[in-house]
Amino acid sequence: MNKPASVSDQFDAVVVGAGFSGLYMLYRLRQLGLSVKGFDSAGDVGGTWYWNRYPGARCDIATPDYTFSFDPELENEWTWSEKYATQPEILDYLRFVADRYGLRSDIQFSTTVTSARWDEQEKRWTITTGHGQEIRCRYYIMATGCLSMPKSPDIEGAGRFAGQVYFTSRWPHEGVDFTGQRVAVIGTGSSGIQVIPLIARQASQLTVFQRTPNFSIPAHNGPAPADRLRQLDEDRDGYRHDARWSRIGVPNEPTDVLGVTASEAVRRERFEAAWEQGELAGIVNVFADQLFNPASNDILAEMIREKIRSIVTDPETAETLCPKDHYFGTKRPCLDTGYFDTYNLPHVRLVDLRKQPIVSITEDGIETADESFGFDAIVYATGFDAMTGALVAADVTGRDGLSLKEKWAAGPSTYLGLMTAGFPNFFMLTGPGSPSVLSNMAVSIEQHVDWVAGCLKDMREEGLDTIEPTELAESGWNQHVQDCGAITLMPTANSWYMGANVPGKPRVFLPYIGGVDAYRQACDDVVGQGYLGFRMTGPGADRCRDGVIRSMQPDVAMVLEFLAAMGLPPMDTLPADDARALMAATAAARPPGPEVGEVTDGVIPGPAGDLPYRLYRPAGPPEGPRPLVVYFHGGGWVLGNLDSDDPLCRDLCERSGAVVVSVNYRHAPEARFPAAALDAFAAVQWAAANALELGGIPGQLAVAGWSAGANIATVACQLARDAEGPHISGQVLICPVVDSDMTRLSYQENGDGYILTTALMRWFWDHYTDPADRGEPRAAPLRGDLHGLPSTCIVAADFDPLRDEGVAYAHALEAAGVPVRLARARGHTHTSVTMVGTVISGAPVRAEIAEALRNFFPSAEPLEHALQRS
Ligand code: NA7
């Protein structure tokens with residue numbers, strides 16, 4: 001059966017781990033006809049379900065979903081007894097799977113793989129086990145789980161306790177009887193929350209040591225959810241398909257209800273429904289914005305805290321159990337059965353380690369800053385070195401002697417969470433950078449295994465035998481993983497998702513939060529694009545299509561998808577007035593932008609009549625005058641008004657601390673070139689002359705604009721220079737139109753599909769200018785004399801047709817001796833940086849703009865000096 005491998009053993013593939021992922025991987029590799037060897041340090045199959053045998057251990061994804069789906073016959077042969085199966089039942093299931101497919105014969109149990117080394121000459125891995133065996137294989141696959149490496153107790157004196165010590169993650173097979181004992185539990189994560197109610201049933205005294213209270217909702221365990229079973233009965237394939245293309249691997253319609261705008265009744269109704277349903281898929285989907293908007297999250301968190309207060313009778317204990325130091329969902333939310341009620345029992349006590357930290361474990365018990373506790377047993381439910389722990393501990397050494405531990409010293413680096421450069425033919429199942437722990441593992445595991453099996457099959461068919469990601473593809477993916485995390489509240493928590501639970505572990509967001517569906521699409525696209533980002537070699541073959549699979553900011557991609565689904569007519573097919581109405585309608589639905597101290601509307605005299613303006617003054621001190629920014633909205637000289645860029649003006653005002661005066665100008669086609677530019681210059685002259693009345697500091701004036709607004713802003717600077725005044729301290733040009741040449745590479749790359757299209761740009765130009773005027777510097781300022789222009793900040797967005805003319809303007813300004821800051825809006829489109837409150841990833845770019853604005857002005861210049869200077 002478990003025949004130890006001999007020294008000369010050679011296999012096509014070695015798989016470490018015999019849990020869900022290892023078992024399915026073995027099955028698929030065998031199907032491919034490969035020779036395979038599996039190892040597990042456990043005595044049997046089961047993985048996490050082999051080790052975590054503590055009372056109360058259950059899955060927290062409902063069983064109709066927490067199950068293999070690769071074989072309909074297997075599904076027919078197994079019936080789960082509960083909504084959330086217990087550990088013994090899940091273990092039975094995995095044994096059943098192993099037996100049904102005869103997998104055990106390929107697995108060597110009770111064997112730890114101690115090292116793996118890549119041999120570049122032989123193009124093979126050498127695997128060493130704790131029994132001294134050496135095995136050679138072409139493909140090395142770690143199916144070692146995300147939560148399999150227990151965190152060692154990082155508590156002073158942990159070794160001194162003379163009583164019984166238990167770890168939830170390494171529970172004795174024979175079970176433990178706590179009857180009549182004084183028991184301590186340290187840790188209130190999922191394991192603690194599951195085990196505490198059951199230990200309380202036996203122990204004479206139970207003391208729970210809590211460092212961080214956790215959000216938990218009742219599991220409402222019982223029979224498997226009838227609605228899910230019915231859907232499976234009616235259309236199993238459809239149900240499984242929906243799971244695979246869902247956000248977390250469980251079929252669920254994502255809500256579009258925003259917590260911040262929903263009525264109290266709607267909020268309450270959605271929350272109560274999720275509370276009653278008792279599923280993670282429900283509670284993470286109460287509000288569409290709960291993981292992005294702190295205010296929305298607070299609403300949900302407070303409703304959970306109310307529930308805790310309503311269950312726990314002692315108000316002080318209830319308050320201690322209420323999580324307040326992290327947003328809901330930023331640490332793993334839990335499902336429980338009677339957890340909070342447990343604290344109403346007279347023999348159960350909660351100790352708040354924030355108030356009285358543990359000083360030391362002693363021979364008899366635990367000493368905190370305030371008290372000494374005596375115990376018969378201590379249970380550690382203190383968690384795991386998550387996601388990377390088992391991988392780096394396994395001593396994997398790739399090309400040139402580089403170990404995984406060394407490569408990942410500053411945090412893991414993977415392509416798709418599947419592979420890492422420098423380690424050919426080394427695959428990780430559910431590795432860091434894949435959805436894994438943020439998803440239904442059963443679905444994510446099947447997807448990973450299917451991808452690896454498909455890849456090996458493709459390689460074999462093409463005569464290739466090594467595969468490895470490129471540095472470019474890998475760093476692009478790492479960036480994407482971090483970008484996806486950065487727009488959420490996840491990085492704010494000290495969670496194991498961030499590596500924060502293990503002292504000294506780099507603080508990096510480990511899983512991929514873009515969704516199971518988006519992730520699957522990315523993996524499929526990589527294959528569809530000829531294994532983009534992978535180098536594959538074989539006898540006489542070396543092929544690599546290098547590139548980055550996802551470089552757009554995730555929220556920008558979401559906005560584009562949303563707009564595409566709305567099916568709006570292209571603006572360039574509409575008359576100007578209809579296009580204006582369409583723009584106003586879409587603007588009405590967006591978030592309003594931040595509060596500012598004061599907003600006033602007025603008019604200024606323009607060259608051909610009054611021009612409306614709106615002034616934004618920042619909230620708070622200082623009371624006196626501030627630098628002044630004259631802003632011009634975007635809209636291709638045709639569209640836009642004071643409302644169109646209102647959220648952006650608010651944002652600029654609050655971030656920069658300047659008074660922002662947004663000026664409306666005459667639009668084409670009613671007023672064609674050079675009307676808008678002349679209005680802009682007049683507005684700047686007027687603002688400079690009236691700075692004090694506007695609350696500005698005389699002489700401290702900058703201009704700013706977006707798109708066509710940036711065009712007229714910089715034309716105004718050129719006109720001011722020629723007219724020898726007024727003095728302009730700086731110009732901020734966000735995705736500016738500075739040239740009429742539409743042949744640059746960025747037009748070719750981004751001229752279609754990113755809102756501002758080549759066709760729309762042509763429509764704008766046609767409305768604004770005659771072709772003969774388009775070379776004029778007042779239309780195409782890149783072609784003007786750029787000497788003596790003020791300091792400049794130019795924002796160039798990756799997916800903007802105008803990107804390259806913005807970059808060209810920056811270079812030309814620099815060549816003319818103008819100080820220039822080129823801010824790259826990485827992963828953004830022409831419009832996305834301006835979408836305040838909708839596109840969160842634009843915030844760092846807007847912060848950079850505000851910083852550039854502040855730098856234009858001498859800091860804290862006394863008003864008298866400024867007056868003298870002006
Ligand atoms: P978790 O979720 O990491 O929980 C561990 C708990 O132990 C958590 O409350 C920790 O507090 C606490 N802890 C860890 N170290 C200490 C020390 N030194 N002193 C006091 N308290 C400590 O692990 P679980 O096993 O519960 O769950 C892991 C996953 O398995 C779960 O999310 C599911 O996906 C399945 P902290 O929050 O760090 O302050």
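Two strands count as paired if DSSP finds at least two bridges between them. I wrote that down before starting on the sheets, along with how the elements are named: helices (H or I, at least four residues) and strands (E, at least two) are DSSP runs, numbered from the N terminus.

Ground rules next. I'm working on a predicted model, where local features need pLDDT of at least 70, side-chain atom pairs count only at pLDDT 80 or more, and totals for chains, interfaces and linings use all residues. Residues are numbered from 1 along each chain as its sequence is written, and side-chain values use heavy atoms, with hydrogens and water left out.

**Entry 1: β4 and its partners**

I looked up β4 (residues 113-119) and found it paired with β5 (residues 124-129), antiparallel, over six bridges. In that pairing S115 sits opposite T128 of β5. The two strands make a hairpin with four residues between them. K123, in the turn, has a positive phi of about 55 degrees.

What does β4 do with β17? Two bridges join β4 to β17 (residues 396-397), and here the strands run parallel. A116 is the residue opposite V396 in β17.

**Entry 2**

β13 is joined to β14 (residues 365-368) by three bridges, and I361 is opposite I366 in β14.

**Entry 3: the bend in α5**

Where does α5 bend? Helix α5 (residues 190-202) bends by about 30 degrees at I196, and P197 is a proline that follows within four residues. The bend is the angle between axes fitted to the seven residues ending at a residue and the seven starting there.

I also checked burial (buried is under 20% relative accessible area, exposed over 50%, partly exposed in between, with a 1.4 Å probe and protein chains only). The buried residues of α5 include I196 and P197, along with S191, G192 and I193.

**Entry 4: cores**

A nonpolar core here is a set of buried Ala, Val, Leu, Ile, Met, Phe, Trp, Tyr and Cys residues joined through side-chain atoms within 4.5 Å. The largest one has 131 residues, and L416, F427, W451 and F534 have the most contacts inside it. Helix α15 (residues 441-461) gives the largest share of this core, nine residues. A second, separate core has 67 residues, among them M583, L639, V738 and L802.

Which residues touch L416? Skipping neighbours within four places in sequence, L416 is in contact (heavy atoms within 4.5 Å) with G433, S434, H448, W451, W477, Y519, C523, V526 and F534.

**Entry 5: salt bridges**

I ran the search over the whole structure and got 62 salt bridges, each one a side-chain nitrogen of Lys or Arg within 4 Å of a carboxyl oxygen of Asp or Glu. I followed up three of them.

- E302 bridges to R305, with the closest N and O atoms 2.8 Å apart. Both lie in α10 (residues 294-311), three residues apart, about one turn of the helix. E302 is partly exposed at 29% relative accessibility, while R305 is buried at 11%.
- R580 bridges to E670, with the closest N and O atoms 2.8 Å apart. This pair links distant parts of the chain, 90 residues apart: R580 is in α19 (residues 576-588), and E670 is in the loop between β25 (659-663) and α21 (675-689). E670 is exposed, at 56% relative accessibility.
- D766 and R774 meet through their side chains at 2.8 Å, N to O. D766 is partly exposed at 41%, and R774 is buried at 16%.

I also noted a network: E264, R267, R268, E272, E306 and K307 are joined by salt bridges that share partners.

**Entry 6: P223**

Is P223 buried or exposed? P223 counts as exposed because its relative accessibility is 67%. The residue lies in the loop between β10 (216-218) and α6 (226-234). Leaving aside neighbours within four places in sequence, P223 is in contact with E82 and K83.
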